[in-house]
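This briefing walks through one protein model, from its overall make-up to a handful of single residues. Please keep the sequence and the 3D view open while reading.

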Amino acid sequence: MPLMNLGDDFPNFTVDTTEGRITFHDFLGDHWGVLFSHPGDYTPVCTTELAEVANLIPEFTRRDVKVIALSCDYVTTHKGWIADIKSYACYMRNEWPYPLIADPNRDIAIQLGMLDPVAKDRCGIPVTCRAVFIIGPDKKLKLALLYPATTGRNFAEILRVIDSLQLTACKRVATPANWQPGEKCMILPSIGEEEAVKLFPKGIERIEMPSGKHYMRYTPHPD
């Protein structure tokens with residue numbers, strides 16, 4: 001499958017998971033979604049990532065985001081691995097908070113273009129890279145990240161990106177480098193001065209540039 005573009009409809013599929021057989025779009029409903037992939041069960045970096053996400057579930061829930069993971073092994077293996085992840089995470093609840101997709105034949109990994117060209121399992125078969133897909137309530141792809149199998153993800157950054165995506169989906173602003181929720185935002189270049197004054201009553205901070213072009217405009221975080 002060709003690499004998806006931002007704004008494309010995210011593929012729908014029916015898969016086996018640790019919570020039974022699900023159809024992906026039905027699982028998402030009208031929520032935001034995060035799908036993140038893992039090279040394999042009982043692997044060290046994946047264990048740290050799944051543990052981190054388990055402890056961050058309240059943060060995802062607060063943002064109306066449903067989380068689902070994928071690994072290239074079977075449901076039975078996933079369920080055994082979860083016990084190790086819970087131990088590592090010091091996760092005390094009985095129920096695991098999000099499903100893990102079983103993809104032993106790499107069907108979904110191939111469909112979504114997630115295979116790592118370098119990393120292979122003990123049988124020499126390519127495994128998935130550490131992909132992250134953020135899907136909007138409209139079932140369209142909002143963000144895609146591909147990490148090599150050797151590099152664990154920063155889930156604080158993924159939460160920050162979700163905050164930016166959700167803000168900019170409903171407000172005509174952009175978020176600058178290293179932005180955090182509540183901080184000032186940037187006014188889109190497509191918005192003229194007269195319209196900007198009406199749209200942003202909290203005020204506009206203009207940064208003078210050597211070029212003389214007036215494109216660096218900040219405004220306080222919109223309500």
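The model is predicted. The protein has six helices and 13 strands, and buried residues make up 45% of its 223 residues.

**Overall picture**

- Taken along the principal axes, the C-alpha atoms fill a box of roughly 60 × 40 × 30 Å.
- The protein exposes about 11700 Å², and carbon and sulfur atoms supply 55% of that area.
- Among contacts with a separation of 6 or more, 61% come from residues 24 or more positions apart.

**Nonpolar cores**

- In soluble globular proteins, nonpolar side chains tend to be buried together.
- The largest nonpolar core here has 31 residues, and Phe 36, Phe 60, Tyr 98 and Ile 134 touch the most other members.
- Two or more residues of this core come from each of β3 (32-38), α2 (44-62), β4 (65-71), α3 (75-89), β8 (130-135) and α5 (155-170).
- Helix α2 gives the most to this core, with eight residues.
- A second, separate core has 21 residues, including Leu 28, Leu 112, Ala 131 and Leu 141.
- Leaving out residues up to four places away in sequence, Tyr 98 touches Thr 18, Glu 19, Phe 36, Leu 50, Val 53, Ala 54, Ile 57, Val 67 and Ala 69.

**Helices α2 and α5**

- Two packed helices are described by the angle between their axes and the distance between the axes.
- The axes of α2 and α5 come within 10 Å and cross at roughly 35°.
- The crossing of α2 past α5 is right-handed.
- On the α2 side the contact involves Glu 49, Glu 52, Val 53, Leu 56, Glu 59 and Phe 60, and on the α5 side Phe 155, Leu 159 and Ile 162.
- The residues of this contact divide into six nonpolar, no polar and three charged.

**Two buried residues**

- Val 161 is in helix α5.
- Val 161 counts as buried because its relative accessible area is 12%, and the cut-off for buried is under 20%.
- Apart from residues up to four places away in sequence, Val 161 touches Ile 134 and Leu 143.
- Val 161 is 14 residues from Thr 175 in sequence, and their C-alpha atoms are 9.6 Å apart in space.
- Is Ile 191, which has a relative accessible area of 2%, buried or exposed? Ile 191 is buried.
- Ile 191 is found in the loop between β11 and α6 (193-199).
- Beyond its neighbours within four places in sequence, Ile 191 is in contact with Arg 172, Ala 196, Leu 199, Phe 200 and Arg 217.
- Ile 191 and Trp 179 are 12 residues apart in sequence, with 21 Å between their C-alpha atoms.

**Residues with a positive phi**

- Most residues other than glycine have a negative phi.
- Tyr 42 is not a glycine, yet has a positive phi of about 55°.
- Tyr 42 sits in the loop between β3 and α2 and counts as partly exposed, at 46% relative accessibility.
- Asn 178 is not a glycine either, and has a positive phi of about 65°.
- Asn 178 lies in the loop between β10 (173-174) and β11 (185-187).
- Asn 178 counts as exposed because its relative accessibility is 66%, and the cut-off for exposed is over 50%.

- Where does His 25 lie? His 25 lies in helix α1 (residues 24-28).
- Not counting residues up to four places away in sequence, His 25 touches Phe 10, Pro 11, Asn 12 and Lys 139.
- His 25 and Phe 13 are 12 residues apart in sequence, and 7.7 Å apart from C-alpha to C-alpha.
- His 214 is in the loop between β12 (205-206) and β13 (217-219).
- His 214 counts as exposed, at 57% relative accessibility.
- From His 214 to Thr 175 there are 39 residues in sequence and 17 Å in space, C-alpha to C-alpha.

Conventions: Residues numbered from 1 in each chain as written. Predicted model: local features only at pLDDT ≥ 70, side-chain atom pairs only at ≥ 80, totals over all residues. Heavy atoms only, no water. Core = buried A, V, L, I, M, F, W, Y, C linked by side-chain atoms within 4.5 Å. Buried < 20%, exposed > 50% of the residue type's maximum accessible area, 1.4 Å probe, protein only. Helix = DSSP H or I, 4+ residues; strand = E, 2+ residues; numbered from the N terminus. Contact = heavy atoms within 4.5 Å. Axes fitted to C-alpha atoms, helices over the stretch in contact; angles between N-to-C directions. Left-handed = near helix turned anticlockwise from the far one by under 90°. Nonpolar A, V, L, I, M, F, W, Y, C, P; charged D, E, K, R; others polar. Areas by Shrake-Rupley, 256 points an atom, 1.4 Å probe, with all protein chains shown as cover.
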